[in-house]
Amino acid sequence: MLKSERYDVRVEEPAQSALASFDPPLRAKFLRTMQILEIDPFVSGTGGFDFVDSRAFIALRNAGFYIRRLKARAIIDWRVFYYVDESTKTVLVKEIVHRDEDTYEIASPLAQRLKKNYLEYLQGR
């Protein structure tokens, strides 16, 4: 694959702060895991990666919020939430959160932050 075909992966706030707070071995796991997003942020179910969305995020997508989730064995208790700007070949990583029972609730603070950040991004393009 040519370098020009790769996606530019940007880790933005609050994901940037979360990543910075991790100890070096965990941070390295995240950085290695997120490398797949440079090649194909839409890949599904290969190499130990799972891009299947939860009910809450399917509901967000149906409402026009194209937010994706990265889950991988290397970071099994964590989730990376991002969106893809196909026009600029950019992946924007917005949240890195520890998975808990509220992670996938449509009314959760996480879902509300993702919606807010997504709208702000669209307005700024």
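Helices here are DSSP runs of at least four residues, numbered from the N terminus. Keep in mind that these close-ups come from a predicted model.

**Close-up A. Helix H2 and its buried side.** H2 runs through residues 24-34. Which residues of H2 are buried? They are Phe30, Thr33 and Met34. These three cover an arc of only 95° around the axis, so they end up on the same side of H2.

**Close-up B. How H2 begins.** Zoom in on the start of H2 and look for aspartate 23. One of its side-chain oxygens comes to within 3.0 Å of the backbone nitrogen of leucine 26.

**Close-up C. Leucine 31, a residue of H2.** Leucine 31 sits in helix H2.

**Close-up D. The largest nonpolar core.** This core has 17 residues, and the ones touching the most other members are Phe22, Phe30, Met34, Leu37, Val80, Val93 and Ile96. Which elements each supply at least two residues of this core? Helix H1 (15-21), H2, and the strands E3 (67-72), E4 (78-85) and E5 (90-98) do. A second, separate core has eleven residues, including Phe65, Phe81, Val97 and Ala111.

**Close-up E. Around valine 80.** What does valine 80 contact, once neighbours within four places in sequence are left aside? The list is Phe30, Met34, Arg68, Arg69, Leu70, Ile75, Val93, Glu95 and Ile96.

Close-up F. Follow the chain to the loop between strand E1 (8-11) and H1, where you'll find proline 14. The peptide bond leading from glutamate 13 to proline 14 is cis, with omega near 0°.

**Close-up G. Lysine 89 and its positive phi.** Where is lysine 89? Look in the loop between E4 and E5. Lysine 89 isn't a glycine, yet its phi is positive, at about 55°. With a relative accessible area of 32%, lysine 89 is partly exposed.

Definitions and conventions: Residues are numbered from 1 along each chain as its sequence is written. This is a predicted model: local features need pLDDT of at least 70, side-chain atom pairs count only at pLDDT 80 or more; totals for chains, interfaces and linings use all residues. Side-chain values use heavy atoms; hydrogens and water are left out. A nonpolar core is a set of buried Ala, Val, Leu, Ile, Met, Phe, Trp, Tyr and Cys residues joined through side-chain atoms within 4.5 Å. Buried means under 20% relative accessible area, exposed over 50%, partly exposed in between (1.4 Å probe, protein chains only). Contact means heavy atoms within 4.5 Å. The arc is that of the directions from the helix axis to the C-beta atoms. A polar contact is a pair of N or O atoms within 3.5 Å; within protein, one must be able to donate a hydrogen and the other to accept it, and residues adjacent in sequence count only if both atoms are side-chain atoms.
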